[in-house]
Amino acid sequence: MANLKTTEKKTKAQSMGLHTEVLTGKTQQKFFNPDEAENFYYWGTYDVDFNKRTELDVNDMDCKEANKKIDELMSQGYGTIVIKNPQGKHSLGVGILNKLNLIFEGSLGYFGVGSIDGPTVRVNGRVGWSCAENMMAGKVVIEKNAGSCFGAAVRGGDLICKGSVGARTGIDQKGGTIIIGGDAGAFTGFMMQRGRIVVLGNVGINLGDSMYDGTIYVGGKIGSYGSDAIESPMTKSDIDWLKRKLKVAEIGEDFDVSKMTKVVAGKKLWNYDALEPTEKKGAI
Amino acid sequence: MCGIAGLIHRGKSSNVGQELQGMLQALKHRGEDSTGYALYGDTDGQNFIMRFKVGENVGEGSSSVMEDVSVYDERKKIVDSYLSQMGAKIVKEERTLPYSLRYEIDYDKGDLLEFSQKIESIPGVEILSMGKSLEVIKDLGNAKAVCDRYNLGDLVGTHAIGHARMATESGVDIKSAHPFWGYPFSDVSVVHNGQLTNYWNNRRILENKGMRFMSECDSELIAVYLAEKMRNGATLEEGMKDSLSGLDGVFTYFVATKNSLGMAKDTMAAKPLVLYESDDLVAMGSEEIAIRSVLPQEIDTYDPFDGEVKVWQI
């Protein structure tokens with residue numbers, strides 16, 4: 001808690017517009033001080049060497065122990081870490097905020113590699129619900145199938161599943177790209193706000209339900225469209241982007257992307273209808 | 001939250017008691033208010049096995065009360081006399097706990113509906129299961145605690161389903177614990193993960209048709225719903241497919257009969273299920289770690305899609 005006298009004085013942070021109010025009494029808080037900016041760093045990140053490789057057997061570890069061990073290895077400069085015997089455990093490889101080659105030799109449970117920002121991850125097995133939730137950047141490749149809520153709320157990066165995924169893939173997606181080699185379940189792209197979803201196989205019912213924005217490409221059959229999800233014509237830039245992306249994703253390189261169905265938001269939901277044009281812009 | 005697990009060996013028997021205990025114990029973080037097993041053991045098929053309780057094990061929020069052992073003894077005496085009246089001969093009798101009993105019965109007269117109604121007319125008595133292979137064992141605590149208490153580790157059979165319960169819709173007691181017997185059908189049991197939102201509507205309709213409910217647990221509705229469908233001539237699979245529209249809410253449930261194991265997932269796919277399928281074994285559970293307890297090697301698993309119904313035979 002900052003001293004009352006110092007918080008009443010106009011600080012550099014206030015003059016920069018970081019905040020304007022002068023706090024007194026019980027409401028005073030300690031604000032970020034730009035004078036100390038050079039002392040700040042992105043907590044939990046490490047400089048790693050991709051050529052420095054190690055293996056970690058997590059068979060007898062719980063997820064906390066395993067994640068702590070991964071953190072320790074990164075702090076020692078290991079840039080390529082192979083995880084042995086993940087055995088479907090939950091929450092493995094979460095919160096990694098730097099570049100890293102992370103390879104799982106087996107399957108993950110729920111919330112695998114959640115909240116990551118930068119690593120390249122390969123899972124030589126299956127993943128459970130909510131894989132890569134809140135991913136900011138990086139690349140995640142799943143060799144087999146995935147559970148529901150695959151890529152929930154991802155904000156960036158590439159998330160690829162070579163098999164099939166469960167329901168609500170890309171729910172609340174805010175950016176990045178999700179690519180599915182097989183089929184996807186119901187409510188794919190539910191409430192997505194930005195980014196792209198590519199499904200080479202079939203999708204279930206209520207595709208793109210209540211989506212605000214973003215684009216979904218489907219190669220197979222569509223069970224049904226959700227509220228406000230509509231078909232849109234494929235353009236040359238769509239086709240070029242899909243070809244390039246599928247090649248980079250090591251999946252469906254020979255797939256005829258020109259025959260895919262493009263689905264976007266109709267933008268007829270209540271929030272669009274009720275708002276003035278300037279407000280709509282703000283809402284988007 | 002609750003967790004469910006099940007497995008079926010095709011063409012052979014195995015130590016399903018121990019296997020299911022491992023699967024359910026791996027799911028104990030999903031709930032350990034109570035745990036239940038429906039085990040399909042190897043028997044000669046001659047006698048009925050009746051698992052029943054003459055009292056409750058009362059936990060938090062239960063509407064039941066703990067009673068004196070002498071009350072249980074009185075009820076047991078009445079059960080024995082009713083069995084005698086109905087021409088049922090007790091071949092073997094086990095009393096694992098004061099309130100929990102297992103009888104092997106030689107009975108070939110009449111149907112199980114009349115039989116069960118007669119036994120359950122005794123206040124405080126509930127038949128947990130009735131069948132020539134099925135045994136439902138359920139009690140408070142996690143999978144290992146219940147398995148140890150009832151000595152289930154050595155049970156050999158072909159298939160089994162089980163449930164680790166976090167009580168949400170009703171109290172913590174045995175009557176609300178899963179699995180539920182598909183009363184009055186021999187060897188039918190159900191476990192469920194989810195919430196049913198049209199429970200009371202369906203219950204009223206089914207009770208008007210003469211079906212029996214023993215608890216206020218919404219999951220019991222599935223067993224009664226399927227039993228009513230089968231009573232009217234539907235196959236198990238037909239009843240399960242019908243339940244996707246007849247039951248409202250979110251659910252994944254398993255049903256087992258003497259020779260089969262089935263799963264159904266609601267049309268919203270809101271409840272988890274991971275499935276492993278091979279020529280000689282099907283194993284499934286709310287999470288992959290349940291399957292890993294019986295198949296530690298690398299395997300291919302998948303999530304069934306919304307509205308899917310599958311049935312496997314032994």
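**Close-up views of a two-chain predicted model**

**View 1. The end of helix H4 in chain A.** H4(A) is followed by Glu250(A), whose phi is positive, near 60 degrees. Helices (H or I, at least four residues) and strands (E, at least two) are DSSP runs, numbered from the N terminus. Helix H4 of chain A covers residues 236-248. Its 13 residues, at 1.5 Å a residue, should span 18 Å, and the end C-alpha atoms are 18 Å apart, so the two agree. The expected span is 1.5 Å times one less than the number of residues.

This is a predicted model, in which local features need pLDDT of at least 70, side-chain atom pairs count only at pLDDT 80 or more, and totals for chains, interfaces and linings use all residues. Residues are numbered from 1 along each chain as its sequence is written, and chains are lettered from A and ligands numbered from 1 in the order in which they are written.

**View 2. Gly112(A) in its loop.** Gly112(A) lies in the loop between strand E3 (101-105) and strand E4 (117-123) of chain A. Gly112(A) is buried, because 33 other C-beta atoms lie within 10 Å. A residue is buried if 20 or more other C-beta atoms lie within 10 Å of its own, exposed if 12 or fewer, and partly exposed in between; C-beta atoms are placed from the backbone. Not counting residues up to four places away in sequence, Gly112(A) touches Leu92(A), Gly93(A), Val127(A), Gly128(A) and Cys131(A). Contact means C-beta atoms, placed from the backbone, within 7 Å.

**View 3. The sheet of chain B.** In chain B, 5 strands form an open antiparallel sheet in the order E9-E10-E11-E12-E15. Strands pair if DSSP finds at least two bridges between them. Strand E9 (180-181) and strand E15 (309-313) of chain B stand at the edges. Each has a single partner strand, so one side of each is left without a neighbour in the sheet. Strand E10 (residues 189-196) and strand E11 (residues 249-256) of chain B pair in the antiparallel sense over 8 bridges. Gly194(B) stands opposite Phe251(B) in E11(B).

**View 4. The largest nonpolar core.** This core has 83 residues. A nonpolar core is a set of buried Ala, Val, Leu, Ile, Met, Phe, Trp, Tyr and Cys residues joined through C-beta atoms within 7 Å. Among those with the most contacts inside the core are Trp181(B), Leu226(B) and Val255(B). Helix H6 (residues 220-231) of chain B gives the most to this core, with 7 residues.

Terms used: Two residues are in contact if their C-beta atoms, placed from the backbone, lie within 7 Å.
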